[in-house]
Amino acid sequence: MLLRKEQAAMAAPPGGRSQPPLPLARPPPLAVPPAHGRAEPYHFQDGGGKGRTRPPVPLCAQEVRRGRGLSHRAGEGGERRGEPSRPRRFTGAERLLPVGPAPCGSGGGEAACPVPLGLRLQRGDMSTCSVSKGCFVFKPSPKKRRVSQKTVNHFGERKDDSEDTELRYVTCQSLWNEIKLETEQIQEDLNKQLFDNLVSFLRRSHSEFQEKTTEWTCQMKSREIPTAALVLGVNVTDHDLTFRSLSEVLQNNITPYIALLEAKDCPGIKNLMQKLMGQLMNCYIDVDSLEDEDNVQVSQNRIRCSMSSLINWYESVTKKTDSETPRKKRTSSSRHWQSPPVVVIFKDMESFTTKVLQDFIVISSQHIREFPLVLIFGIATSPMIIHSLLPHSVSSLLCIELFQSLSSKEHLSTIIDKLLLTARFPFKLGEKVLQVLINIFLYHDFSVQNFIKGFQLCIVEHFYSQPLSILCCQLVDAKKRVNSLSHNQCENIRRLPSFRRYVESQASEKQIALLTTDSYLKEIIQKLLEDLHVYHENYVLVLRCLHVFTSSLPKYPLGKQIRELHCACLENQVWETEEYESSLQLARMLNKSDLVTMLQQCVEIFVSSSGKEFDKTLEKLKEFLTQFQKLEVADAFQERDVSVSSQKELQKKTDLYHLQKTLLELKESRRSKKLTKFEMLRFEVVDYIDSLVRNYLVPADHKTLHEIVYFNTASVLREHLNAAPRIALHTALNNPYWYLKNQALKSDGGSISNKAPDICIVYKLHLECGRLINLVDWLEAFSTVVMAVEGPNADAASSDEVDDVIHARFIRAVSELELLGFIKPSKQKTDHVARLTWGGC
């Protein structure tokens with residue numbers, strides 16, 4: 001009792017007001033300042049009570065920063081130097097680290113706290129100096145991770161292509177930046193119609209509320225909430241980008257108050273309201289003007305998350321906007337309304353709990369007259385999911401309008417058309433690589449963004465692995481770079497298979513000059529690169545023309561999409577395939593109207609080209625159109641007269657013999673009948689298109705220097721995109737040298753190196769066991785392998801200490817194997833585990 005009274009007297013401030021006594025069983029921990037240096041007391045859980053609030057213990061003088069927090073001087077009896085803020089509870093982002101006791105010594109004027117005996121963790125300027133056991137709270141730093149600027153060094157890791165590393169890296173970056181801008185523009189153009197419809201829907205939904213008329217309540221009937229059902233398709237990985245673009249459009253045109261909610265963040269209605277209020281208030285608060293994240297966190301915790309709080313916040317925000325200066329008011333009114341609606345977007349509506357959606361809709365509908373709310377449901381499957389999740393009593397509170405986005409297949413066709421089927425970008429994909437990307441799209445995720453990421457991977461891999469990729473740029477820059485090629489790079493060109501075929505086709509004198517003289521080689525390379533550029537321009541035009549003829553044929557022999565025709569032309573000579581022959585046969589049966597329409601489309605395609613290569617072709621197609629227009633219809637009338645006369649004869653002949661004889665005569669006459677002018681002209685058109693295909697749709701691998709601009713290594717792409725985790729795990733655990741590239745890890749066939757990682761040693765030992773593995777025997781074998789490096793003269797004391805360390809390492813390795821799914825605890829024997837893979841089941 002005497003000790004308690006002395007302790008209470010020492011803790012009393014100069015004002016005479018005593019602090020509550022502290023228990024002696026467990027001394028309280030220090031309130032360590034968080035990442036930004038503010039000290040606050042916290043709620044702690046102990047064995048004797050439920051979340052009791054303990055008074056703050058003074059901090060060490062070294063921990064006081066910015067003049068805030070609590071200070072502590074030696075000999076002053078723990079006098080309080082600052083006013084502590086309200087106690088708060090732990091958040092999910094905070095980590096608790098136990099620290100052991102350490103006596104606090106004194107030195108100088110301030111109390112110096114030595115390093116505790118327990119765990120000491122440093123993070124920036126934070127430390128865990130303490131006089132007792134306790135829990136120290138460290139919040140994650142809000143600073144962004146620094147991005148390394150040494151990416152260019154990765155291009156020079158290989159010894160055989162270290163020349164012009166920086167130039168290759170710069171070329172790769174510039175090319176990808178151009179492609180990225182083009183894809184963003186394509187995305188914006190494709191979503192423009194959808195976003196415009198959504199903006200007009202929002203304007204119509206709250207126009208009466210904005211005008212403060214009584215008709216608005218009548219239009220909303222009773223408590224209906226304007227709701228947009230946005231069907232985006234099953235390509236869920238692309239939805240995030242779509243919603244970000246939608247948020248930017250709405251913020252620029254309608255309202256600054258937009259909240260994006262996901263099902264994983266809203267397991268209950270309380271979490272949903274907290275997330276909603278946090279995002280809406282962050283829309284209004286200027287985060288850049290805050291000193292740290294704690295201000296936002298504390299302000300949100302102090303506000304009660306309810307619909308009434310949202311209404312009060314909205315009224316205060318709109319009133320503050322109305323009371324601004326006239327100049328600011330005019331500026332804001334040009335972008336947003338005077339009382340803008342609040343848009344809540346449910347990104348994955350199917351994943352939300354039914355109870356959460358029902359409660360939020362019912363609560364919001366009761367305040368719709370005071371709080372202009374608009375809901376946007378992101379739907380991946382079907383709009384009927386709304387009625388499946390919500391009962392009629394709840395769905396009747398929604399005024400739903402359906403919006404359909406562009407399908408992912410159409411989006412992919414546009415991407416391929418703008419990125420691959422153009423001469424604007426020099427980089428090209430080979431047939432197998434393009435087929436891998438398309439198969440991943442069609443059979444895995446329907447994600448256009450993943451297709452673009454795979455395309456980016458192809459660009460990086462091409463510039464990394466191909467030393468001549470410095471010439472994969474615009475034609476003008478490529479010709480300039482050819483003049484500065486070194487002798488080694490000229491030798492790399494001579495080693496290309498396509499260039500070797502070109503040399504073999506030349507005369508002997510030219511062969512010697514190409515193989516020995518670098519200056520002559522550079523002149524030929526410039527000409528070959530120009531020919532390759534012209535080939536790409538002509539290839540795209542003729543490919544589009546052929547697609548016009550084949551895309552409407554029955555059963556689509558060469559594919560319905562242009563990407564299928566492009567892959568067929570890249571694979572081999574398309575005119576040698578059976579599908580092409582069947583397409584020509586079907587094209588020779590087209591009627592006049594379809595044929596004329598196709599010719600007009602081909603004329604438009606060739607007119608759009610800037611070169612003069614197809615001037616004669618264009619004139620020939622226009623001549624065909626003129627001949628079709630001048631065709632006389634005499635043949636048609638003649639055929640009609642013949643058919644009428646034959647029908648009259650058939651009506652006269654009632655005898656079966658004469659009827660059969662007449663039919664045979666008609667059949668023979670049709671066989672021997674001459675072709676009409678239309679049929680002859682149709683055959684001529686199809687033959688002319690066939691000649692264009694044979695001249696211009698030569699496969700790319702037949703062209704010289706195609707390796708410079710084409711990426712054909714499909715196996716590398718499969719390794720990165722179509723990963724086989726089972727094989728990769730087995731390779732990493734059974735042969736760690738494959739990934740770590742450490743010479744000490746090289747081992748013979750079945751031997752186990754003691755320098756390998758612990759999990760590799762444990763994995764190899766478990767492969768030698770049966771279905772059940774004895775943990776004791778496993779530990780002994782592991783200890784034998786690990787201790788193989790130790791000498792026979794090891795002390796007994798040190799061996800006991802090593803045994804504890806080895807035991808801990810073994811437990812950790814076994815736990816990692818269990819986490820990877822190789823073993824599991826066995827119910828048959830407590831000291832055994834069961835194998836789960838490779839014949840152990």
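Tutor: Let's start with a pair of helices. The axes of α20 (residues 518-550) and α21 (residues 562-571) come within 10 Å, and they cross at roughly 120°. Axes here are lines fitted to C-alpha atoms, for helices over the stretch in contact, with angles running from 0 to 180 degrees between N-to-C directions. As for what counts as an element, helices (H or I, at least four residues) and strands (E, at least two) are DSSP runs, numbered from the N terminus.

Before going further, keep in mind that this is a predicted model, where local features need pLDDT of at least 70, side-chain atom pairs count only at pLDDT 80 or more, and totals for chains, interfaces and linings use all residues. Residues are numbered from 1 along each chain as its sequence is written, and side-chain values use heavy atoms, with hydrogens and water left out.

Back to the pair: α20 passes α21 in a right-handed crossing. A crossing is left-handed if the near helix is turned anticlockwise from the far one by less than a right angle, and right-handed if clockwise. On the α20 side you'll find Tyr539, Leu543, Arg544, Leu546, His547 and Thr550, and they meet Ile562, Leu565, His566, Cys569 and Leu570 in α21. Contact means heavy atoms within 4.5 Å. Sorted by kind, the residues of this contact of α20 with α21 are seven nonpolar, three polar and one charged. For that sorting, Ala, Val, Leu, Ile, Met, Phe, Trp, Tyr, Cys and Pro count as nonpolar, Asp, Glu, Lys and Arg as charged, and the others, Gly among them, as polar.

Now look at the loop between α20 and α21, where Tyr556 sits. Phi of Tyr556 is near 50°, a positive value in a residue other than glycine. Tyr556 counts as partly exposed, at 36% relative accessibility; buried means under 20% relative accessible area, exposed over 50%, and partly exposed in between (1.4 Å probe, protein chains only). Phe446 also has a positive phi, near 55°, and is a residue other than glycine. You'll find Phe446 in the loop between α14 (431-445) and α15 (448-465), and Phe446 is partly exposed, with a relative accessible area of 23%.

Another helix pair is worth a visit. The axes of α23 and α27 come within 12 Å and cross at roughly 35°, and this crossing is left-handed. From α23, the contact uses Lys592, Leu595, Leu599 and Phe606, while α27 brings Phe678, Arg682, Val685 and Leu692. These residues of the contact of α23 with α27 come to six nonpolar, no polar and two charged.

Leaving aside its neighbours within four places in sequence, Thr617 is in contact with Phe606, Tyr688 and Leu692. Thr617 is buried, with a relative accessible area of 6%.

Next come the rings. A search of the whole structure finds 18 aromatic pairs; rings of Phe, Tyr and Trp (its six-membered ring) pair if their centres lie within 6.5 Å, and planes under 30 degrees apart count as stacked, over 60 as edge-to-face and the rest as tilted. One of the pairs is Phe346 with Phe377, edge-to-face at 5.4 Å centre to centre and 65° between the planes. Phe346 lies in strand β5 (residues 342-346) and Phe377 in strand β6 (residues 373-379), so the pair ties together parts 31 residues apart in sequence. Phe346 and Phe377 are both buried. Phe614 and Tyr696 make a tilted pair, 5.0 Å centre to centre with 50° between the planes. That pair links distant parts of the chain, with Phe614 in the loop between α23 (592-607) and α24 (615-629) and Tyr696 in helix α27 (residues 677-696), 82 residues apart. Phe614 and Tyr696 are both buried too.

Finally, step back to the whole chain. Its secondary structure comes to 33 helices and twelve strands, and 40% of its 841 residues count as buried.
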